[in-house]
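Thanks for coming. I will go through one structure today, starting with the chains and ending with single residues.

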Amino acid sequence: MHALYTAIFEPGFFASPQVHVAVSIGAVVAVVSAVTGVFTVMRGQSFAGHALGDVSAAGGSGALLIGLSPLAGFVGLGVIGSAVMDLIGVQRLRGRDLATGIVLGAAIGLSALFIHLTSISSSITGVTQQILFGSIFAVTPGTLPVVTALGVIALAVLGTVGRPLLLSTVSPDIAAARGVPVRVVGLLYMLALAVSVGLSSLVVGAILSTALLIGPPAAALRLTRRMAWAQLTACLIGVLATWLGVLLAYDSYYWGASHESLPVSFFVVAIIFVGYLASGLRVARGRRCSRPS
Amino acid sequence: MFASFMTNAWISATIVAIVAGVVGYFVVLRGSAFPAHAIPKGAFAGAAGAALLGVSTLLGLAVFSVLGALGIGYLGRRGRHDVVTALALVLMLALGAAFLSRTVEYEAAIFSLLFGEVLGVSTNELLPVALMAVGCLAVVGIIFRPLMLSSIVPEIAEARGVRAYWIEICFLLVVAFATAVTVPVVGALLIFSLMMGPPAAARSVTSRPLLAMVLSAAIALLTVWLAIAASYQTNWPIGFFVGVFGAAAYGLGRGYSAWRRGRSAAARPGQLTGASGDYHDRREQVLD
């Protein structure tokens, strides 16, 4: 029994302060991303959700260059970017991808310049990799309250506009006929998305940010059609995948003889991807059963 | 700027611009911006894997971008397209992160793969790059009519027996090869700007497909040449200029079409213009 226990939780897992921070921050980010993500998947805005991660990373590198706090840069440019996307036509289905793409292209260009300027003006190294991949183990405990506060703001906005947002997601025409200000609701949603994505791409990196935003909600929406259930399931999948990923990444240090650990993002994404595929199996089986013979 | 060590840069950049301009036209037309972003970005992981195994970067890029394209096409049949694209992208990136954790890669090498390196193409890589570019354009030429039809009016294409799924797969493969050609020069992240800005600008100027495609390649060419010149002068990364010029081209195109619409509305008062959006675009092209 004990041998099995130590095989699953390698020595020092529960004592490591880094693991504590990773587990708690990972859970907060997973929950915020999952709740936001259900709307993102339903509205078909995965691209915007992913792009905002890159846009806010450009803000992060800009903030680093002029000596501001990275968090301000991440959330600040993300919010500006989402407003611009909304302005140049996020609401029209085909124009939407184009608008997102143009903003994304410009932001990536800026990010290239900022990183270049930072690397020649100071000796900070690893910026490229940090911004692209991030590391959940590199988060300092002091970030937790700020991250939680911003996450609560994003969730509060979504909670306030939840019902009109859902209606205008499912049927914009009916929503408009009922007097829902579809444009305003859409803009508020984009802002909440920007805060949520900016936050998560700062603390867990751009890869995990997109993975947690899209993966668990997509799987959950294949499992249930009810909004509340979908959000709950998405939160559960997200949190479990994050915790399991942290555990496996910690353990992976002991696997080979070389003592090199694999990144957390790799494990979390692999778990989420398998989860998504598995949820598809259930859909396929359900369809076959329900088909009249 | 035109010194002999820059010759490769000018040649490869010209190839890149033509491919990106032509392929990008369909990217914009089909609204496939997300796959066009995801395939190059994910292919970056292939370059990291190639460094780990010690094989050529070009090979790593090609393998990963083709796998990514096939994955997106296959899974997209059953799931939502944008969701599948996002998941395929993060999966490839996560593999890239795992590869990078096992290699000692120079920060500068990663940076130039992501954001482009004018001098990134050596003389012996020029031939494979040119061949892949020609292949790419040839495939676009072969599937031109069904691709055009299924991009503009999918319903009619389906009724005429065009298989949307296979067209989608072919198109994603074209994007994949375009990626492998272009990433070493303008970088995994910026090829996307080149596939969006110039074609979008061209489409707002004309709705004739062939003219728009030629114009798109021309604008892309201009963007890349200006970007190289500016990058050479300022020593800033070429990616910055490509990104900003691409967005500027789009802005100019939007401005021009708004101005033209305003003028035609003033000339023919009482006629409905502008508001019909996508439908308007589609009808014009079908009639063309």
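What follows is a short tour of a predicted model.

For the complex as a whole, it gives an ipTM of 0.84 and a pTM of 0.83. Chain B has a mean pLDDT of 80, and 86% of its residues reach 70 or more. Within chain B, the highest confidence is in helix 11, residues 209-234, at a mean of 89. The lowest is in helix 13 of chain B, where the mean is 43. Residues 271-288 of chain B have pLDDT below 50, yet in the model this stretch still makes 18 contacts beyond near neighbours in sequence. Where pLDDT is low, the coordinates should not be read in detail. Please keep that in mind when we get to the interface.

Now the two chains. What is the secondary structure of chain A made of? Chain A has 11 helices and zero strands. Chain B comes to 13 helices, again with zero strands.

Chain A has 293 residues, of which 53% count as buried. For chain B, buried residues make up 53% of 288. The next numbers are about contacts between residues with a separation of 6 or more. In chain A, 74% of those contacts join residues 24 or more positions apart. In chain B, the figure is 77%.

Next, where the chains touch. The contact takes 44 residues from chain B and 43 residues from chain A. On the chain B side, the helices that each supply at least two residues are helix 2 (33-53), helix 4 (81-102), helix 5 (107-115), helix 10 (191-205), helix 12 (238-267) and helix 13 (277-287). Which of them gives the most? That is helix 4 of chain B, with 12 residues. By class, the side of chain B that touches chain A has 28 nonpolar, 10 polar and six charged residues. Remember that helix 13 of chain B, which is on that list, is also where confidence in chain B is lowest.

Let us look inside chain B, at two pairs of helices.

From helix 6 of chain B, the residues in the contact include B:Val129, B:Met132 and B:Cys136. Helix 9 of chain B brings, among others, B:Cys170, B:Phe177 and B:Val181. The residues of this contact divide into 12 nonpolar, one polar and no charged.

The second pair is helix 1, residues 7-30, and helix 11, again in chain B. Here the angle is about 145 degrees and the axes are 8 Å apart. This crossing is right-handed. Among the residues that meet are B:Ala13, B:Ile18 and B:Tyr25 from helix 1 of chain B, and B:Met213, B:Leu221 and B:Ile228 from helix 11 of chain B. By class, the contact of these two helices has 16 nonpolar, four polar and no charged residues.

I will finish with two single residues.

B:Gly60 lies in helix 3 of chain B, residues 57-75. Is B:Gly60 buried or exposed? A residue counts as buried if 20 or more other C-beta atoms lie within 10 Å; B:Gly60 has 23 and is therefore buried. Leaving out residues up to four places away in sequence, B:Gly60 touches B:Gly46, B:Ala47, B:Gly49, B:Ala50 and B:Val55. Its C-alpha atom is separated by 20 Å from that of B:Val19, which is 41 residues away along the chain.

The other residue is B:Asn235, in the loop between helix 11 and helix 12 of chain B. Most residues other than glycine have a negative phi. B:Asn235 is not a glycine, but its phi is positive, about 70 degrees. With 9 other C-beta atoms within 10 Å, B:Asn235 is exposed.

That is the end of the tour.

Methods. Residues are numbered from 1 along each chain as its sequence is written. Chains are lettered from A and ligands numbered from 1 in the order in which they are written. This is a predicted model: local features need pLDDT of at least 70, side-chain atom pairs count only at pLDDT 80 or more; totals for chains, interfaces and linings use all residues. Two residues are in contact if their C-beta atoms, placed from the backbone, lie within 7 Å. Helices (H or I, at least four residues) and strands (E, at least two) are DSSP runs, numbered from the N terminus. Ala, Val, Leu, Ile, Met, Phe, Trp, Tyr, Cys and Pro count as nonpolar, Asp, Glu, Lys and Arg as charged, and the others, Gly among them, as polar. A residue is buried if 20 or more other C-beta atoms lie within 10 Å of its own, exposed if 12 or fewer, and partly exposed in between; C-beta atoms are placed from the backbone. pLDDT is the predictor's confidence in each residue, from 0 to 100. Axes are lines fitted to C-alpha atoms, for helices over the stretch in contact, and angles run from 0 to 180 degrees between N-to-C directions. A crossing is left-handed if the near helix is turned anticlockwise from the far one by less than a right angle, and right-handed if clockwise.
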